[in-house]
Amino acid sequence: MFKFLEPNRIFSITSKAPRYVFILFIIVFFIGLFEALVLSPEDYKQSHSVRIMYVHVPAAWISIGIFSTITFLSIIGYIFKIKNFFLISKSLAPSGLVFNVIALVTGSIWGKPTWGTWWAWDARITSMLILALFYLMYLISWRIYDDNDKVYKISSIITIFGIINVPIIKYSVDWWNTLHQPASINIFSQSSIHESMLLPLLIMTAAFALFSLLIFLMKYNTELIKIKNKGLDRL
Amino acid sequence: MIKEIIFMNGYGIYVWSAFLFTFLSFISLYVITKSQYVREKNKFIVKFGTLDSERADFARSQSINKEILSNTSKI
């Protein structure tokens, strides 16, 4: 069913794509930085500290998006026995974890001038920390188990438990009284963010997405070469 | 103008440290991933060099192997 995604067919693309993705990332990232640090206005309440949003929010969005993708691919891969989906998931995880850590650290830095504290055991922040722990467990499972069937099973179970946390992250600010502000951007309703701030936010999100694509491609190629190395041993 | 970008009404230390942390995380992740890729590729080339001609021809007939050997990805 997913034959078009087989490594043999896509390696010629994935091995050449990183250089183009890298160039595109650099262009979008620098446009985003200029927009975020120079052109975008300061907030009437938070002043210039609002600029931290341009790294904090895209990092959080992408780490949640990557974890959701990993879960989806792991479940489909497990049901239909598609090994390549596990390889894709494994290659996505490192950038997901790094974006999660960026979201936590930049959120903490943002918290000091706005809330007066580096950290609070608030529902949104704690649930993001839990997501980071699930990323760690997922990556450790690949290191611990050598047997492929076992690692496919264990890593899928970790993602299934972890995905329960994703709606909690999303709705934590609505369900509980938190220090963290509610969402300013809504896909299905009117966003409360001004377009002069929305534009740099979207450009930085595009840059972060390109960076995660770049890391994914490099990691995926590495994993394929690792498999081919084992194949040479068997010749 | 430049002073405002650097100091940001006293918030510069927070804004710049958040951006710097992000930037350093990106560089670290890129360097680690790249070094893993180069290590595996070099291992592959060394192993391929030890094969006898019959096995090397067989291995070269596989498209991915051919791609790895010919791939000159600079990124």
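How many residues has helix α3 of chain A, and how far does α3 reach from its first C-alpha to its last?

1. Helix α3 (residues 53-80) of chain A has 28 residues. From first C-alpha to last, α3 reaches 40 Å, close to the 40 Å expected at 1.5 Å a residue. The expected span is 1.5 Å times one less than the number of residues in the helix. Just after α3(A), A:Lys81 takes a positive phi of about 55°.

2. A word on the source. This is a predicted model, in which local features need pLDDT of at least 70 and side-chain atom pairs count only at pLDDT 80 or more, while totals for chains, interfaces and linings use all residues. Residues are numbered from 1 along each chain as its sequence is written, and chains are lettered from A and ligands numbered from 1 in the order in which they are written.

3. Chain A has eight helices and zero strands. Along the sequence its pattern reads α-α-α-α-α-α-α-α. Helices (H or I, at least four residues) and strands (E, at least two) are DSSP runs, numbered from the N terminus.

4. Now the overall form. The C-alpha trace of chain A spans about 65 × 40 × 30 Å along its principal axes.

5. Of the 235 residues of chain A, 39% count as buried. Buried means that 20 or more other C-beta atoms lie within 10 Å of the residue's own, with C-beta atoms placed from the backbone; exposed means 12 or fewer, and partly exposed is in between.

6. The largest nonpolar core has 64 residues. Such a core is a set of buried Ala, Val, Leu, Ile, Met, Phe, Trp, Tyr and Cys residues joined through C-beta atoms within 7 Å. α8(A) gives the largest share, 15 residues. A:Ile52 is among the residues with the most contacts inside this core. Beyond its neighbours within four places in sequence, A:Ile52 is in contact with residues including A:Trp110 and B:Tyr14. Contact means C-beta atoms, placed from the backbone, within 7 Å.

7. Last, the contact between the chains. It takes 38 residues from chain B and 41 residues from chain A. On the side of chain B that touches chain A, α2(B) supplies the largest share, 21 residues.

Note on methods
Two residues are in contact if their C-beta atoms, placed from the backbone, lie within 7 Å.
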